[in-house]
Amino acid sequence: MPEGPELHLAALYVNRVCDGLRFGGKVEKSSVSKNPEVPFSCAEYTISAVSRGKEVKLILTPVRGAAEAACVVFRFGMSGNFKLTPEDEMPKHAHLRFYSLDVPRQVLCFVDARRFGSWEYNGAWQRERGPCVMTECDKFRENVLKHLSDKPFDKPICEVMLNQKYFNGIGNYLRSEILFRLKIPPFMPARTVLEGVKNGSQSEGLSLSKKVKIKKENPDFLQLCSLVPLEVIQLGGYTPGSKREDYTVLMQWMQCYYAPGMNNLRDSNGRTVWFEGEPGPLVPKGRKGQKKRKSVDIKPVKVETKATKRKATRGKSTAVKKECKEEVKAEAGVETAVKRKRAKMADISSEDDKVTNKGARGKRPQRGKKTVDEPQVKICRRSSHQSPMPKTPAKRGKSTKQQSAEAPTPKSRPRRLKADVGNQPLNSPKLKTRRSAVRTSKKKS
DNA sequence: CGTCCACGTCTAC
DNA sequence: TAGACCTGGACGG
């Protein structure tokens with residue numbers, strides 16, 4: 001879960017669940033973690049939290065006595081989070097544990113399956129990280145505009161957005177969502193995009209109040225870097241670590257990341273960027289080392305994924321690979337094959353409809369018609385899943401002819417279509433995977 | 001069973 | 001600018 005909003009929500013979570021709780025004794029580290037011990041020990045202390053960008057600071061405050069207050073600064077890596085549980089329900093991968101004085105004891109755990117997360121005892125916010133995009137909007141903006149002549153801004157905007165020196169809190173899904181709102185091609189040179197922001201291209205010669213109004217209604221790129229993450233924080237029902245976590249809310253909120261109909265490419269660091277329309281001029285060329293693309297090759301009638309495609313491409317010349325890459329762009333065109341493919345998908349989806357709850361189907365937003373300040377709740381159904389960031393693309397409200405008719409020009413699809421459990425009661429015995437649906441449909445035909 | 005992929009840094013060549 | 005660092009879910013065979 002961990003981009004800026006998730007870190008912020010984690011801090012809110014800690015403050016909520018630890019409110020009024022007393023902790024005591026030693027802080028325990030799992031033996032497997034390579035992070036440092038936290039040599040804090042105190043008979044009685046409280047825990048609170050603050051976040052800044054992609055860091056969270058836990059503050060340990062002794063209740064009485066001479067002990068000094070301490071803190072631990074966390075980074076979440078790809079899978080970090082906090083969770084308060086009864087001691088006997090400690091989750092797997094709980095790498096740092098703060099014990100409460102309750103009977104039975106409770107534990108505030110730093111849970112991190114992949115162990116990319118880190119912490120520092122009595123550490124400070126990392127010096128190299130810029131101001132928080134969500135909680136220090138003005139400083140954040142200033143820090144970017146002040147450094148436009150720096151070298152990093154030679155790069156594509158999508159890559160600079162992951163540079164925490166300037167965009168502390170933005171991560172891979174946020175960059176796609178933000179660029180999507182303004183339809184900025186991800187591989188536009190960052191400086192070009194930001195010079196436009198600096199010059200406030202929108203409202204020459206208007207009265208101040210008009211300017212303010214326009215600013216509010218049409219947030220520029222840097223404002224969106226604050227507003228879009230703030231939207232995520234505002235999403236109801238989305239509370240990481242709690243029992244009430246409901247990640248479907250986040251998935252439904254996403255308009256671009258892993259969304260059907262969106263394009264994707266690898267940036268020069270091998271990270272997948274999702275976008276609509278043109279990629280922009282600085283697309284990494286088919287250099288070796290570039291990771292494989294993820295969208296689906298549409299031509300074959302049989303359901304073929306990029307993965308299989310890639311396998312077929314493996315070992316071929318760079319030129320051939322490049323050609324394949326060009327295909328991604330070519331997919332922009334709606335050819336017969338695409339139609340056939342989509343029709344097939346529609347059939348499959350209808351098939352799904354027989355076993356799943358129809359729920360929000362057909363209520364997908366119209367892509368490409370949104371305005372930037374449009375309210376959030378886009379109904380773009382994805383599967384419910386334990387993680388807001390499923391390992392594989394959550395299948396979204398793909399279903400149906402209606403979708404194909406609506407979506408202007410779907411160019412690529414998520415490579416994988418995971419189990420279609422969307423809107424399906426989680427324990428339903430009838431739960432049917434996308435894959436099995438495909439099989440069934442094949443048998444029939 | 002094996003392969004691919006994932007919300008992020010880090011550091012070594 | 002490759003990898004390394006990790007686990008685990010989805011999918012393909």
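**Figure 1. Overview of chain A in the predicted model.** Helices, of type H or I and at least four residues long, and strands, of type E and at least two residues long, are runs assigned by DSSP and numbered from the N terminus. In this predicted model, chain A has 13 helices and 10 strands. Of the 445 residues of chain A, 54% count as buried, and the accessible surface of the chain comes to about 20,800 Å², with 53% of that area belonging to carbon and sulfur atoms. Among the contacts in chain A with a separation of 6 or more, 68% are made by residues 24 or more positions apart.

**Figure 2. The pairing of strands 1, 2 and 3.** Strand 1, residues 23-29, pairs with strand 2, residues 41-52, in the antiparallel sense over 3 bridges, and in this pairing F23 has Y45 of strand 2 as its bridge partner. Strand 2 also pairs with strand 3, residues 55-62, again in the antiparallel sense, over 8 bridges, and here the bridge partner of I47 is L60 in strand 3. Strands 2 and 3 form a hairpin with 2 residues between them, and G53, which lies in the turn, has a positive phi of about 55°. As background for reading such a view, the side chains in a regular strand alternate between the two faces of the sheet.

Figure 3. Q126 is found in the loop that runs between strand 8, residues 118-121, and helix 2, residues 137-146. Is Q126 buried, partly exposed or exposed? Buried means under 20% relative accessible area and exposed means over 50%, so Q126, at 24% relative accessibility, counts as partly exposed. When residues up to four places away in sequence are left aside, Q126 touches R52, E55 and R75. Q126 and V73 are 53 residues apart in sequence, while in space they are 9.0 Å apart from C-alpha to C-alpha.

**Figure 4. Helix 4 and its cover.** Helix 4, residues 172-182, is mostly covered, since 10 of its 11 residues are buried; among them are Y173, L174, I178, L179 and F180, together with R175, E177 and R181. Which elements cover these buried residues? The cover includes helix 1 (4-17), helix 3, helix 7, helix 8 (248-253) and strand 10 (272-275). After helix 4 comes K183, which has a positive phi, near 55°.

**Figure 5. The buried face of helix 5.** In helix 5, residues 190-198, the buried residues are A190, V193, L194 and V197. Seen down the axis of helix 5, these buried residues fall within an arc of 85°, so they line one face of the helix. What covers them includes helix 2, helix 3 (157-160) and helix 7 (221-234). Just after helix 5, G200 takes a positive phi of about 50°.

**Figure 6. Confidence along chain A.** The mean pLDDT of chain A is 71, and 61% of its residues reach 70 or more. Over residues 288-388 the pLDDT stays under 50, and for this stretch the model has 228 contacts beyond four places in sequence. Residues 391-445 also have pLDDT below 50, and this stretch has 153 contacts in the model beyond near neighbours in sequence. Where pLDDT is low, the predicted coordinates should not be read in detail.

Terms used. Residues numbered from 1 in each chain as written. Chains lettered and ligands numbered in written order. Predicted model: local features only at pLDDT ≥ 70, side-chain atom pairs only at ≥ 80, totals over all residues. Heavy atoms only, no water. Buried < 20%, exposed > 50% of the residue type's maximum accessible area, 1.4 Å probe, protein only. Contact = heavy atoms within 4.5 Å. Pairing = 2+ DSSP bridges. Arc of directions from axis to C-beta. pLDDT = per-residue confidence, 0-100. Areas by Shrake-Rupley, 256 points an atom, 1.4 Å probe, with all protein chains shown as cover.
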